[in-house]
Amino acid sequence: MTNASPDTVRGDRASGADNSVLGDDRDSAQAGLVTPVIRALKLLRFVADGGSTANMSEVGRRIGVNRITVMRLLATLEHEGVLEPLPHGGHRLGLGFLTLSAAALAGEDHLATARRVLTRVTSETGLSSYLTVLDGTQVRYLLCETPALPLVSNIRAGSRVTAHLTAPGRSLLAHLSPERRRALLGPEPLAAATAQSARTYAALDAQLARDRETGCAWSQDGFEAGIDACAAAVLDAQGRPLAALSVAGPRSLVGTDALSRERTAAVVKSGAADLTVLLADAPAFLAAAERA
């Protein structure tokens, strides 16, 4: 029987402490992916989301690697200017990363950037995706990305619909004050598209409160028969509604079970969160929207 040396034991502990990590590595290798790059990106996302690197063991637990790997990743990313250390511990995104991001975004207009998010959302959900903005009492559909399926909705890029009748319109109205909503929509009774449409402000306010609490607005046959939709607001730096990201499709594709709807809502909310970052320059985005 061969006794393991202390160095071997330490190496085993450092490299094999988490079997799930090894499993992830094997999966990545089989898929032809580069595991160290995946780990570095996980760490960058962790820091970008406000995570602290002061406790490396905790960082390793959060991103699924061991402490030694975290140390090596941090040293490498610091060297490349992608991360920079903070005076009192931890890290933040470095100027090298920020300038790289700025250069990439400068090469695209805001609507082109937004379309990339819509393409991803459509790919992940199999549903049509839309980017809309408030335009007076209406929402205006700026962009539309559709899957390779027969069209089932009359909504197209350029369409305008009374705001409170649609899921994206409701997601935007939910972030306005009641006074602002009343100034936009006018006196009761409110316009209706179906029997589900809110005709009073009491009904609309209750509906919008639920939308804001859940982080997204669902519509079931709310505007077009047989079409369900889910929308989430894209906010500016002050928390004001800038635009809305939504998906729509026939109920047979959207699904009626809670798990399917939770998955759809998660993709929509994730896309809206990405757009909140990508469209942070609100004046430039609104100028692009006016030209669309």
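Here are legends for a handful of close-up views of a predicted model.

Local features are taken only where pLDDT is at least 70 and side-chain atom pairs only at pLDDT 80 or more, while totals for chains, interfaces and linings use all residues. Numbering starts from 1 along each chain as its sequence is written, and side-chain values use heavy atoms, with hydrogens and water left out.

**View A. The largest cavity holds about 170 Å³ of space.** One cavity of 30 Å³ or more turns up. A cavity here is a set of points on a 1 Å grid over the protein atoms alone where a 1.4 Å probe fits but cannot get out, and lining residues have an atom within 4 Å of a point. The volume is the space filled by probe spheres set on those points, which are joined across faces, edges and corners. Of the 16 lining residues, Tyr141, Phe223, Glu224, Ala229 and Ala248 sit closest to the centre. β8 (241-250), along with α8 (167-173) and β7 (227-235), supplies at least two lining residues, and β8 gives the most, with three. By type, the lining splits into 11 nonpolar, four polar and one charged, with Ala, Val, Leu, Ile, Met, Phe, Trp, Tyr, Cys and Pro counted as nonpolar, Asp, Glu, Lys and Arg as charged, and the others, Gly among them, as polar. Helices (H or I, at least four residues) and strands (E, at least two) are DSSP runs, numbered from the N terminus.

**View B. Tyr130 and Tyr141 make an edge-to-face pair.** The count of aromatic pairs is one. Their ring centres are 5.4 Å apart and the planes meet at 85 degrees, so the pair is edge-to-face (rings of Phe, Tyr and Trp, its six-membered ring, pair with centres within 6.5 Å; planes under 30 degrees apart are stacked, over 60 edge-to-face, the rest tilted). Tyr130 belongs to β3 (residues 128-135) and Tyr141 to β4 (residues 138-145), so the pair ties together parts 11 residues apart in sequence.

View C. Searching the whole structure finds 13 salt bridges.

**View D. The peptide bond from Glu188 to Pro189 is cis.** Omega is near -5 degrees. Pro189 is in the loop between α9 (178-185) and α10 (201-214).

Methods:
On a 1 Å grid over the protein atoms alone, a cavity is a set of points where a 1.4 Å probe fits but cannot get out, and a pocket is an open set with protein on both sides within 12 Å along at least five of seven lines; lining residues have an atom within 4 Å of a point. A salt bridge is a side-chain nitrogen of Lys or Arg within 4 Å of a carboxyl oxygen of Asp or Glu.
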